[in-house]
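Welcome! Please open the structure in your viewer and keep the selection tool at hand.

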Amino acid sequence: MTTIKDIEPLKTGYTPENIFDRETETEQLQKGLQQLQNVHVHGPKGTGKTLVTEKSLEALDIKTSYISCDQYDTQYKALKQITSELTRENISSGHHTSELQRRIQKQVEAVQTLIILDELDFLLLNDGDDLLYFLSRIKADLGLILVTANHRELRNQLEERTFSTLQPKRIGFEPFSGEEIYKILAERARRSMKPRSLRREALTYIASSTQNLEAALTWLRVSAQQAEDTVTEDVVQQLTEEASQQYISQQLQSFTHHHRLLYQAIEKVGSEQETIQTGEVYQRYKHLCSTYDESPLSDRRISDYIKQLEQLNLINSKYHYGGEKGKTREITVETVFNR
């Protein structure tokens with residue numbers, strides 16, 4: 001027996017007709033979009049930034065290019081994808097950066113255009129400043145929407161010459177309150193679950209455990225899928241760890257197998273000792289690679305991957321300087337739910 005009549009409203013990629021408690025941010029963003037301003041949308045994960053951005057774009061009749069920078073995390077990758085979306089052509093490798101820039105400039109000079117760089121944090125780990133400098137210098141009806149979770153102020157991340165030409169209007173998304181999470185979950189549950197299949201205490205428990213809407217929806221969906229006939233607080237509590245693992249899997253879904261092996265290595269070391277050092281993580285990662293018949297990546301590449309896991313807010317790193325080993329990095333695993 002299942003409690004679900006329609007799973008879609010409980011999926012994190014579902015776009016509802018109405019977005020609760022984001023009216024001010026939506027109004028600010030729509031105004032910026034209509035005026036083709038450069039806008040910086042900032043807020044922690046699970047605060048509705050991408051949802052509001054996508055919803056705001058639906059009402060516009062304008063040419064757009066939507067880039068998720070966790071997948072296109074270098075200037076060259078992003079330029080290729082932007083060119084492909086604006087020209088509707090499959091852009092092969094081998095083009096020079098200047099050629100891609102020329103083609104993009106030609107496209108945006110011909111028609112009003114919006115370029116959305118979601119998950120910009122990942123691009124800023126590399127040469128994102130170069131891309132933003134190029135885009136901000138184009139003399140055309142071009143607006144840039146820059147979405148970050150971990151960088152509140154772009155001024156501190158960009159060269160002065162880039163920020164001075166960009167001059168983005170910042171729209172901040174604060175974390176949802178427990179009451180807001182409860183209201184959103186209740187509406188999604190009404191659309192998704194059978195009548196009288198969800199106890200109020202179960203929703204209260206989830207809403208008081210996280211301010212991340214995506215994590216909360218994952219927890220409710222897992223509970224609804226596994227409950228026999230009613231989602232109770234006990235059911236929710238019993239499925240905390242499974243919901244956490246599903247949320248982590250969702251975050252890593254578009255990344256490589258090596259990202260998943262690395263995170264698994266960090267979890268294993270963390271379960272055995274309080275302090276997680278990168279050297280121990282790398283040794284455990286190499287052992288996992290041999291188990292899965294994979295060739296391990298270099299120390300430097302794994303260091304980059306650790307930074308990407310940080311951008312996903314799955315781990316946290318602290319650097320220590322001095323001592324016999326010089327600069328060292330200590331890692332902790334971030335908990336998904338506050339329970």
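The tour below visits a sheet and then a pair of helices.

This is a predicted model, where local features need pLDDT of at least 70 and side-chain atom pairs count only at pLDDT 80 or more, while totals for chains, interfaces and linings use all residues. Residues are numbered from 1 along each chain as its sequence is written, and side-chain values use heavy atoms, with hydrogens and water left out.

**Stop one: the sheet.** Select the five strands that form an open sheet, in the order β2-β3-β4-β1-β5, with parallel pairing. Strands (E, at least two residues) and helices (H or I, at least four) are DSSP runs, numbered from the N terminus; two strands pair if DSSP finds at least two bridges between them. From one strand to the next, the twist averages 15°.

Now colour β2 (63-68) and β5 (169-172): each has a single partner strand, so one side of each is left without a neighbour in the sheet.

**Stop two: β2 and its partner.** Zoom in on β2 and β3 (residues 113-118), which pair in the parallel sense over six bridges. Here Lys63 stands opposite Thr113 in β3.

Axes are lines fitted to C-alpha atoms, for helices over the stretch in contact, and angles run from 0 to 180 degrees between N-to-C directions.

**Stop three: two helices.** Select α13 (residues 257-272) and α15 (residues 299-311), whose axes come within 10 Å and cross at roughly 80°. Show the side chains of the contact (heavy atoms within 4.5 Å): among them are His258 and Tyr263 of α13, and Tyr305 and Leu309 of α15.
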